[in-house]
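Thanks for coming. Please have a look at the sequence and the model on the screen, and then I will go through a few places in it.

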Amino acid sequence: MKYRTFKKTGQEVSLLGFGTMRLPVMANDSNKIEEEKAIQMIRNAIDKGINYVDTAYMYHNGESEVVVGKALKDGYREKVLLADKMPAWMAKDESDIERIFNEQLERLDVDCIDMYLVHNVTSPIWKKVEEFNVINFLEKKKAEGKIKHIGFSFHDELSLFKKVIDSYPWDFCQIQLNYMDINFQAGIEGLKYAGKKEIPVIIMEPLKGGKLTDSLPPSVEKFWDSSEIKRTPAEWALRFVADFPEVLTILSGMHTMEQVNENIRIISKADAKSLTENEHQIIRKVSEEYNKLIKYSCTACKYCLPCPQKIDIPTIIKFYNEWFLYDGSKKTRADFKTWIPPKRVPSTCIACKACEDHCPQHLPISEIMKKASDIFE
Ligand SMILES: NC(=O)c1ccc[n+]([C@@H]2O[C@H](COP(=O)([O-])OP(=O)(O)OC[C@H]3O[C@@H](n4cnc5c(N)ncnc54)[C@H](OP(=O)(O)O)[C@@H]3O)[C@@H](O)[C@H]2O)c1
């Protein structure tokens, strides 16, 4: 494992962190984590040198915090920096902030959270953070020893990112970054901006939620096959983000033991500024291939759910994109029929746009539902 120094404390942080938003689940039900398997995966990762574990109040409908808490029993808690987040948008008033925080300590069964983030900062959520004095609350918890470091995770435009960075002496921040999103949200400019202010950056979605590794479009697959440097798509993507010295740790939401082991192997070889110009060029070309095909850049974070019509929005957007990635393949239509029940097809969307307020990617979801309906129904 490679480590980078958290300058504030001198602690060595593993360059690969464990994101627990995509733990293995039973029968495709994201509320039912395969607990034993997930605990084995987290402990195996820690045994092999990972010392940063990230969870959140809403992951797996609260079950991620519970399972992480169980995984960190038997001496594992002391070996890691534990990260959790305040979902200010779920609070109705200031007292709710305290209730949620206490619930998190209870679910995790810990006295202290090392890395605590204001979750999913977007323009409306930032307003709520200010309205509910969330930062004051976090400072109080820091003074009480219940939080060690205060940060924020971000999903909005670069201008807001800079404003938020400048608004407080953050201990760290977290942004989405992968080779397809270099100019999206905070992007590389945001990364460098934080770096200049000596604010360490945690990376989320380095594999774009698995889209850079799963179901590759033929043109991209052909490109990788013909590349003179042989690496898995996961290796290319993780090496890309590891190359930035501003990055403290890279969170991957691994959901199998094989992925944990592969990502540890990859990161064990990754140094900052180690990619050659030729390697950067290869990545740029792949990104161009993708950009020719992708219609809507959904990361399946599921912030759009629950839909009042119970539409599985991320899955429908995935099928919609696949329709273009695979050139209108019959397989995509068959998959749509298998996975989307007739009562939950995209034409049942009432365009209330509740989902659009929560989508970190700001996708025009109701418009996409219409387009998906035109294709698949
Ligand atoms: N704070 C926020 O606002 C926020 C938002 C998003 C994420 N996060 C955090 O950041 C973490 C990382 O984001 P992410 O989960 O989107 O990470 P990611 O690494 O981009 O995506 C994880 C997915 O990538 C695939 N994968 C991982 N390793 C692989 C490998 N070696 N080979 C092939 N495929 C591989 C798996 O997809 P398959 O399932 O298809 O196999 C896995 O589910 C999350 O888990 C969460 O803790 C925070």
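Predicted model: local features only at pLDDT ≥ 70, side-chain atom pairs only at ≥ 80, totals over all residues.

Let me begin with helix 1, which runs over residues 35-47. How far apart are the end C-alpha atoms of helix 1? They are 18 Å apart, and since 13 residues at 1.5 Å a residue should span 18 Å, the two values agree. Its buried residues are Ala38, Ile39, Met41, Ile42, Arg43, Asn44, Ala45 and Ile46. That list includes Arg43 and Asn44 along with Ala38 and Ile39. As for what they pack against, the partners are strand 3 (16-19), strand 5 (29-33), strand 6, helix 2 and helix 10 (257-267). Just past the end of helix 1 comes Gly49, with a positive phi of about 115 degrees.

Now helix 3, residues 94-108. This helix has 15 residues, and from first C-alpha to last it reaches 22 Å, close to the expected 21 Å. Which residues of helix 3 are buried? They are Asp96, Ile97, Ile100, Phe101, Gln104, Leu105 and Leu108. The cover over these buried residues includes helix 2, strand 7 (81-86), strand 8 (113-121), helix 5 (134-143) and strand 9 (147-154). After helix 3 comes Asp109, and its phi is positive, near 55 degrees. Helix 2, then, packs against buried residues of helix 1 and is also part of the cover for helix 3.

Next, the loops. His60 sits between strand 6 (52-54) and helix 2 (63-71). Its phi is positive, about 50 degrees, although His60 is not a glycine. Is His60 buried or exposed? It counts as buried, because its relative accessibility is 7% and the cut-off for buried is under 20%.

The loop between helix 11 (277-293) and helix 12 (313-325) has several entries on my list. Ile294 lies in this loop and is partly exposed, at a relative accessible area of 27%. Leaving out residues up to four places away in sequence, Ile294 touches Asn321 and Leu325. Ile294 and Phe324 are 30 residues apart in sequence, yet their C-alpha atoms are 7.1 Å apart in space.

Further along in the loop between helix 11 and helix 12 is Ala300. Ala300 is not a glycine, but it has a positive phi of about 55 degrees. With a relative accessible area of 26%, Ala300 is partly exposed. Pro306 is in this loop too, and the peptide bond joining Leu305 and Pro306 is cis, with omega about 0 degrees.

One more loop, the one between helix 7 (187-196) and strand 11 (201-204), holds Lys197. Lys197 counts as partly exposed, at 41% relative accessibility. It touches Ile165 and Asp166, again not counting residues up to four places away in sequence. Lys197 and Gln185 are 12 residues apart along the chain, and their C-alpha atoms are separated by 18 Å.

On to the cysteines. A disulfide is a covalent bond between the sulfur atoms of two cysteines. How many disulfides does the structure hold? It holds 0. Cys307 is in no disulfide either, and the nearest cysteine sulfur to it, that of Cys352, is 6.4 Å away. Both of these cysteines are buried: Cys304 has a relative accessible area of 11%, and Cys307 is at 13% relative accessibility.

Last, the second largest pocket, with about 410 Å³ of space. It is lined by 18 residues, and the closest to its centre are Lys7, Gly195, Glu198, Ile199 and Pro200. Strand 1 (3-6) and strand 12 (247-252) are the elements that give two or more residues to the lining. What kinds of residues make up the lining of the second largest pocket? There are 9 nonpolar, 2 polar and 7 charged.

That is the end of my list.

Definitions and conventions:
Residues numbered from 1 in each chain as written. Heavy atoms only, no water. Helix = DSSP H or I, 4+ residues; strand = E, 2+ residues; numbered from the N terminus. Buried < 20%, exposed > 50% of the residue type's maximum accessible area, 1.4 Å probe, protein only. 1 Å grid on protein atoms, 1.4 Å probe; cavity = no way out; pocket = protein on both sides within 12 Å on 5 of 7 lines; lining within 4 Å. Points joined across faces, edges and corners; volume = space filled by probe spheres on them. Nonpolar A, V, L, I, M, F, W, Y, C, P; charged D, E, K, R; others polar. Disulfide = S-S within 2.5 Å. Expected span 1.5 Å × (residues − 1). Contact = heavy atoms within 4.5 Å.
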